[in-house]
Amino acid sequence: MFGNTGPPFDDPLPEEADVVVVGAGIVGVASAWFLTRAGARVLLCEKGRVAAEQSSRNWGWVRQQGRDAAELPLMMRSMRIWEGLARETGEDLGFARCGVVYLAESESELARYEQWQALAREHELDTRVLNATEATCLVGDVRGHWLGALYTPGDARAEPFQAVPALARALQRAGCRIVEHCAVRALECQAGEVSGVVTERGRVRAAQVVCAAGAWSSWFTRHAGVDFPQLSVKSTVARTAPAREVFDGNAAMPGLAFRRRADGGYTVALGDFHEHYLGADTLRYLPRFLPALRASWKDTRLRLGEGLWRRLREPGRWDAGQRSPFEERRVLDPPPSQRALLQIRGRLARRVPALAGIGIEQSWAGMIDTTPDFVPVIDRAPGLPGLVLASGFSGHGFGIGPGAGEAVADLVLGRRPAHDLTRFRWSRFSDGSPVQLGPL
């Protein structure tokens, strides 16, 4: 179910490309899509399978609602791209505009939603704040003492397990070379600039490299001598058997979130439970993550877990001529949390009694790459011309992925991006800027 389950992408490795994209999740595939359409010779390398990690394990929400103010214009552009991709690619991405609702049980929640509605008005979104009666009518069978809700009817969903592999197939038909099971071990540089990559299958000359490696990005850039503060958290998700329609869109409430799926079931997750496994990166980046930890300490479980000694001894550098850490573990496939699954079942039965008897058909977990402010980096690498980073999407990269990919292509091609990317600059973590937390 996770990632490309069809025939492998196994194009011949070229000796040279204009751009090498590292990582075939939604952001990497979208970046390659826009670069290829602009006429660039692109090689897309994936150490495992296309979209095998978070890009097929996420909730499937394509939302504008609740975005960071700087993210919103990029997300609005992404929404338009999503809408056109099915037509342009001839593939079914499972995209549908079905709405997003955040239900409020406290005055503080409702006040936050009213504050965000002011931002929505600036951008002429169809977002509105519902009163208690309207909220109850919208989600009739969902139980709670609703004081109101934030609702954006024009928001959407897509099916993660099919969308990115489908886009990758269209990308390959457009002329991009895609190679699965081909880890990029390291960058090669000449005169202080990127000159290519070393893969497990050989070297490729390229003056531009895009790192869209998700939870692996910090490791990859650190080997190149560029610091990117990033930690990963584990999130557990489940899907139900097909059931009657309760709400056709995406709904979030205190402690629980669900999405109606194209197969008639629901993707269900907790909104207040994620796990971080302590390791060397925890110690390395803890000071920069303190504001984020203070804001989310109730929701974050710190774990020792198996493999602590290995995580504490993870190498920062390795011989590019030898097997790399990216080949040792090609796909992050952590087991779901049994504690989280128990809470999912209990809260689903309490909040949505109509689904209480519906079985959980599958559960899984994924590793979410986070930054100290929950906002991604989309920027050129400081001090290393030729490297562009697009990572740290902090659990909300699936929806914004196409817009982010277009922005990456603009950076690589030397075009002025259509949106202000100042908020996404790499240097904000090292130039003394105060941490401004994005939406949790």
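How many aromatic pairs does the structure hold? There are 13 of them in this predicted model. We'll look at one of those pairs, then go through some helix packing and some strand pairing.

**An aromatic pair**

- In the pair made by F2 and W364, the ring centres sit 5.6 Å apart and the ring planes meet at 65 degrees, so this one is edge-to-face. For that label, the planes have to be over 60 degrees apart.
- F2 belongs to the segment before β1 (19-22), while W364 is part of strand β20 (residues 360-370), so the pair ties together parts that are 362 residues apart in sequence.

**Helices α3 and α6**

- A pair of packed helices is described by the angle between the axes and the distance between them.
- Take helix α3 (residues 71-89) and helix α6 (residues 160-173): their axes come within 10 Å and cross at roughly 50 degrees. That angle makes α3 oblique to α6.
- The crossing of α3 past α6 is left-handed.
- On the α3 side, the contact uses W82, L85 and T89, and on the α6 side A163, L167, A170 and R173. Sorted by type, the residues of this contact come out as 5 nonpolar, 1 polar and 1 charged.

**Helices α1 and α3**

- Helix α1 (residues 26-37) packs with α3 too, at an angle of about 65 degrees and with the axes 14 Å apart.
- α1 and α3 also make a left-handed crossing.
- From α1 come I26, W33, F34 and R37, and from α3 come I81, W82, L85, E88 and T89. By type, the residues of the α1 contact with α3 split into 6 nonpolar, 1 polar and 2 charged.

**Helices α1 and α6**

- What's the angle between α1 and α6? The two helices pack at about 25 degrees, and their axes are 10 Å apart. α1 and α6 are therefore roughly parallel to each other, as angles under 35 degrees count that way.
- α1 passes α6 in a left-handed crossing.
- I26, V29, A32, W33 and T36 of α1 touch V164, L167, A168, A170 and L171 of α6. This contact has 9 nonpolar residues, 1 polar and no charged.
- Some names turn up in two of these contacts: I26 and W33 of α1 meet α3 and are also on the list for α6. On α6, L167 and A170 meet α3 and α1 as well.

**The β10-β11-β12 sheet**

- Here 3 strands make an open sheet in the order β10-β11-β12, and the pairing is antiparallel.
- Which strands stand at the edges? They are β10 (184-190) and β12 (202-205), and each has a single partner strand, so one side of each has no neighbour in the sheet.
- On average, neighbouring strands in this sheet are turned by 30 degrees against each other, direction ignored.
- β10 pairs with strand β11 (residues 193-199) over 6 bridges, in the antiparallel sense. Among the bridge partners, V184 goes with T199 of β11, and E188 goes with G196 of β11.
- β10 and β11 form a hairpin with 2 residues between them, and A191 in the turn has a positive phi of about 55 degrees.

**The β3-β8-β4 sheet**

- Another open sheet has 3 strands in the order β3-β8-β4, with antiparallel pairing.
- Its edge strands are β3 (61-62) and β4 (96-97), and each of them pairs on one side only.
- β4 and strand β8 (residues 156-157) are joined by 2 bridges in the antiparallel sense. In this pairing, A96 is opposite R157 of β8.

**Parallel pairing around β13**

- Strand β13 (residues 208-211) pairs with β1 over 4 bridges, and the sense is parallel. V22 has C211 of β13 as its bridge partner.
- β13 also pairs with strand β22 (residues 387-391), again in the parallel sense, over 3 bridges. There, V209 stands opposite L387 of β22.

Key. Residues numbered from 1 in each chain as written. Predicted model: local features only at pLDDT ≥ 70, side-chain atom pairs only at ≥ 80, totals over all residues. Heavy atoms only, no water. Axes fitted to C-alpha atoms, helices over the stretch in contact; angles between N-to-C directions. Parallel < 35°, antiparallel > 145°, perpendicular 65-115°, else oblique. Left-handed = near helix turned anticlockwise from the far one by under 90°. Contact = heavy atoms within 4.5 Å. Nonpolar A, V, L, I, M, F, W, Y, C, P; charged D, E, K, R; others polar. Pairing = 2+ DSSP bridges. Phe/Tyr/Trp six-rings, centres within 6.5 Å; stacked < 30°, edge-to-face > 60°.
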